[in-house]
Amino acid sequence: MTGWLGVTARHGRLLLVAGLVAGVTLPALAERMAPFLPALIGALLFLAVLRIGPAQMLGTLGDTWQSLRVIALLQLVVPMAICGLLAAFGILNTPAGMALALLFAGAPLSGSPNLTILAGFDPKPALRLVILGTALVPLTALLVFWVLPGLSGGAAVVGSALRLLAVIGGAAVLALAARKWLLPDPGQQALAAIDGLSAIVMAVVVVALMSAVGPLLLSAPQALVGWMALAFAANIGAQIVTAGVMRAVGAGDESVPVAIVAGNRNVALFLVSLPPSEAAELLIFIGCYQVPMYLTPLLMPRFYRCVARRSG
């Protein structure tokens, strides 16, 4: 079994592509899997912490000051700057404008450590940002809610963020217990098996998140192209810009994980706060956003290796 999972880990990027294709071509399956998303996200976090282990986990959480500054930049400064820019062009309250504002107000994607692993880099900084960013999003998102009057209020987001934080905490505790009692000193084969299992779970997650894309492809392909272009520009653009900034300030080994986190945000958290009509449009954007998100380990490693060499 571990050997088979190790092979899966080596081909994990292609497995994510297969998940994207399945999500688009099998919308009925995607809809049926959607209710299982919280459990699947918890499983991803469990596997990420299980791979890192308690000793490195404590070191990851110990270096919080720099991470708090990064979170302040990513979840406060950047979204407010985006809102100001969109307002200056008069498009803040359009569906695309609201999607961008909410995207950059979001906490780091729960699967960011897994994406970092698949891209070939250290997941610890990404995991630290996921935990701290999710804990703080009930506070940081309130500013964006203040400038987006179409939202129903911050209470729903606070509750949703707290539920997500509970999932993260529960998954981390279980993983640390499993690492201590069941897998105290894993070898390379065991770590590769964990990576392979993570790739499988991520492929299943992306199927569930693509439920709105397949129907739009059939009914309004031109609209889908527009949303897809916006998603790629936001995701890949944010990664490239952040990597450049991190390299310029001498962030070293953390440049790549922070860049991956900057482009991959948990925008789905805000679905609970939108009126039904706007939530439907955001769901389309979220579906399109999965494509650059899950293609990150396939499209970006060469760029990130160049960043790592210049930052080292």
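Contact here means heavy atoms within 4.5 Å. The model is predicted.

**Core packing**

Start with Tyr294. Setting aside neighbours within four places in sequence, Tyr294 is in contact with Leu16, Leu20, Met202, Val205, Val206 and Leu209. Tyr294 also belongs to the largest nonpolar core, which has 83 residues. Val205, Phe285, Tyr294 and Tyr304 have the most contacts inside that core. Which helix gives the most to this core? H15 does, with 10 residues. A second core is separate and includes Ile71, Leu129, Ala251 and Ala262.

| Nonpolar core | Size | Members include |
|---|---|---|
| Largest | 83 residues | Val205, Phe285, Tyr294, Tyr304 |
| Second, separate | 11 residues | Ile71, Leu129, Ala251, Ala262 |

In soluble globular proteins, nonpolar side chains tend to be buried together.

**A surface patch**

Some nonpolar residues lie on the surface. Leu14, Leu298 and Leu299 form a nonpolar patch there, with about 280 Å² of accessible area together. Leu298 sits in helix H15, which covers residues 276–299.

**Helix H13**

H13 covers residues 221–248, 28 residues in total. From first C-alpha to last, H13 reaches 40 Å, close to the 40 Å expected at 1.5 Å a residue. Its buried residues include Leu224, Trp227, Met228, Ile236 and Met246. Asn235, Gln239 and Thr242 are also among the buried residues of H13. After H13 comes Gly250, with a positive phi near 75°.

Definitions and conventions:
Residues numbered from 1 in each chain as written. Predicted model: local features only at pLDDT ≥ 70, side-chain atom pairs only at ≥ 80, totals over all residues. Heavy atoms only, no water. Patch = residues over 30% accessible without salt bridge, like charges linked within 9 Å, V, L, I, M, F, W, Y side chains within 5 Å. Areas by Shrake-Rupley, 256 points an atom, 1.4 Å probe, with all protein chains shown as cover. Salt bridge = Lys/Arg side-chain N within 4 Å of Asp/Glu carboxyl O. Helix = DSSP H or I, 4+ residues; strand = E, 2+ residues; numbered from the N terminus. Core = buried A, V, L, I, M, F, W, Y, C linked by side-chain atoms within 4.5 Å. Buried < 20%, exposed > 50% of the residue type's maximum accessible area, 1.4 Å probe, protein only. Expected span 1.5 Å × (residues − 1).
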